[in-house]
Amino acid sequence: MKLNGKQIPIVYSLFLWAAIWELVGRYGGLAILPPLSAVFEAGVEMVPTDKFKSAMVVTLDAYFRGLAMAVAIGIPMGFLMGVSKTIDRLIGTWVNIFVSAPLTAVVPIFMVILGIGQATVIASVFLFAIWAIVLDTRAGVKHVNPSLPEMAHSFGASRWLIFYRIYLLAALPEVLAGIRLGLIRAVKGVVIGQLLVAITGIGELFELYSRNFLFDEFWALLLMVFAFAFATAEAVGLVEKRIEYYARTR
Amino acid sequence: MNQVAKNMTETKQDTIVEVDGIAMRYEGGVQALKGVDLKIPSGELTSFLGPSGCGKTTLLKIIAGLLTPTEGEVRIRGKKVTGPGPDRAFVFQDFALMPWATVQRNVEFGLELRGMPKDQRGEKAVKYIAEVGLAGFEKSYPHELSGGMRQRVGLARALAVDADILMMDEPFASVDEQTRRKFQEDMLDLLSKEKKTVIFVTHSIEEAVYVSDQVVLLSPRPGQVQRIIRTEIDRSKSPDEIRRDKNYLDYVDDIWAVLRTYL
Ligand SMILES: Nc1ncnc2c1ncn2[C@@H]1O[C@H](COP(=O)(O)OP(=O)(O)O)[C@@H](O)[C@H]1O
Ligand SMILES: [Mg+2]
């Protein structure tokens, strides 16, 4: 954004939008959009409560478990697709279907199989997060200069060593990009999972606040979720920047 | 073929590499090599010369144990090659340096894979980095170096593992002309100290004659040994004298006479 030809720092534009929100909230007369100050107040009051804390514990637990599974399965899967044409052809179509499919529609199937509870939420996180990790890892492995594994082989490296000393390091920029996307999608997965299950974690809180027209609390929670997704993605982004120097030069 | 047989009997040195009836057909049906027989004398520099796509790289990688031939076998000191081994080191056409590792780490890589302790391999790498003329660049990353310097790193890495046979696939292909000449001279210098058997791929006639004791001429695909020429050039002369030497120029003309028939 520019004003009088000068670049305005992003923080100022955030302030501007916050001010607009405050004014609309105060004088707009919309029950659904309370003033930002009220939202903050609600947030500050909400955080120390036991209800909030236990919701967070349940939510983060599902988030990190689902994410860990997505990373642990997604990276090897993408790796195999990258090195083997047969495997790529075998599961590539499915991966591409899932990556663009409306995954929300699949979550109810989990409910049938896994029951209405934490397992379904974890599965939902996993389902949302894994595909970006698979596809980016695959792309990274495909970009590895074929001379590198050959070079390692010529000096007597075993297959396993070639995997983690060459492929994994060479594909690291793409793998990290995949994990960053996965982190963001996992937030989507945990919220949608919990909303559909509707009896655990922040999904339960969202349900509660919106059903009882507690919009201050509703917005406060929503902002926190956004901030969390943004912060985790930025954290991975920082790691990515540190290793970018070599990614550029391949 | 008579020429080959005659040249072979003239060779006094022991044979270190024996290529016996090699044929190579790639998946997808490309016949890259057919019926290649060859003996490579120990302690000499042998080059493979031929038009692009005739199978030079393929033959070199088969000897390196990186590719398995569809027919025939390669023996090193009488022992059949089944894969890469510590007796051979490879210098890659595109350098094959790890972009995330410093020059030092790249040169150490081969030693590390062979299980040499850290301080020992560090010393050895420093020594070879200096020998290829890159002292002071130990902490640089490959992308900070020119093409010629990167290839010197590749050479240092191969020299460091102290293999008897050094294999180089067009090491100067992506290096500009001036750097190339300097590099060729440095390499000959270095190799006269190291006493290695060198197998060298090139598509430059001048380069082949200038650097090698024996030039193996390959025919277009499927590659076969067309002729083997032993170059008798007095290498005690200066590089510029060698390049004006009558024998040198005759060999270049001879080889050109064969290669031009492929065009
Ligand atoms: N991995 C491969 N798969 C199929 N064909 C290949 C492969 N590598 C090389 N070839 C083919 O084999 C022939 C010889 O290749 P190469 O040994 O690289 O030739 P040169 O090094 O003499 O230029 C070429 O026609 C090339 O296209
Ligand atoms: Mg080649």
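Biologist: What should I know about the ground rules before we start?

Modeller: Residues are numbered from 1 along each chain as its sequence is written, and chains are lettered from A and ligands numbered from 1 in the order in which they are written. This is a predicted model, where local features need pLDDT of at least 70, side-chain atom pairs count only at pLDDT 80 or more, and totals for chains, interfaces and linings use all residues, while side-chain values use heavy atoms, with hydrogens and water left out.

Biologist: How do you know what confidence chain B has?

Modeller: pLDDT is the predictor's confidence in each residue, from 0 to 100. Chain B averages 87, and 95% of its residues score at least 70. Helices (H or I, at least four residues) and strands (E, at least two) are DSSP runs, numbered from the N terminus. Over residues 1-11 of chain B pLDDT stays under 50, and the model has ten contacts beyond four places in sequence for them; contact means heavy atoms within 4.5 Å. For the complex, the predictor gives an ipTM of 0.87 and a pTM of 0.79.

Biologist: Why is Arg75(B) called buried?

Modeller: Buried means under 20% relative accessible area, exposed over 50%, and partly exposed in between (1.4 Å probe, protein chains only). Arg75(B) has a relative accessible area of 17%, so it counts as buried. Arg75(B) is found in strand 4 (residues 71-76) of chain B.

Biologist: What does Arg75(B) touch, leaving out residues up to four places away in sequence?

Modeller: Arg75(B) touches Ile16(B), Val17(B), Glu18(B), Asp20(B) and Lys80(B). A network of salt bridges links Glu18(B), Asp20(B), Glu73(B), Arg75(B) and Lys80(B). The side chains of Arg75(B) and Glu73(B) also make a polar contact at 2.7 Å. A polar contact is a pair of N or O atoms within 3.5 Å; within protein, one must be able to donate a hydrogen and the other to accept it, and residues adjacent in sequence count only if both atoms are side-chain atoms.

Biologist: What makes Arg65(A) and Asp61(A) a salt bridge?

Modeller: A salt bridge is a side-chain nitrogen of Lys or Arg within 4 Å of a carboxyl oxygen of Asp or Glu. Arg65(A) and Asp61(A) meet at 3.0 Å, N to O, so the pair is within the limit of 4 Å. The two are four residues apart in helix 3 (residues 50-83) of chain A, so about one helical turn separates them. Arg65(A), at 48% relative accessibility, is partly exposed, and Asp61(A) is partly exposed at 29%. Over all chains, the whole structure has 19 salt bridges.

Biologist: Why do you say that the pair Asp162(B) and Lys196(B) ties parts together?

Modeller: Their side chains meet in a salt bridge at 3.3 Å, N to O. Asp162(B) lies in the loop between helix 5 (147-160) and strand 7 (165-169) of chain B, and Lys196(B) in the loop between helix 6 (177-194) and strand 8 (197-202) of chain B, so the pair joins parts 34 residues apart in sequence. Asp162(B) is partly exposed at 44% relative accessibility, whereas Lys196(B) is buried at 7%.

Biologist: Which residues touch the most other members of the largest nonpolar core?

Modeller: A nonpolar core is a set of buried Ala, Val, Leu, Ile, Met, Phe, Trp, Tyr and Cys residues joined through side-chain atoms within 4.5 Å. Of the 150 residues in the largest one, Val17(B), Phe48(B), Ile63(B) and Leu166(B) touch the most other members. Helix 6 (residues 118-142) of chain A gives the most to this core, with 13 residues.

Biologist: How do you know how much area chain A and chain B bury between them?

Modeller: Buried area is the accessible area (1.4 Å probe) that two parts lose on being put together, summed over both. For chain A and chain B that is about 2,000 Å², 68% of it on carbon and sulfur atoms. The contact takes 19 residues from chain A and 24 residues from chain B.

Biologist: How many salt bridges are there between chain A and chain B?

Modeller: The count is two. In one salt bridge, Glu150(A) pairs with Lys61(B), with the closest N and O atoms 3.0 Å apart.
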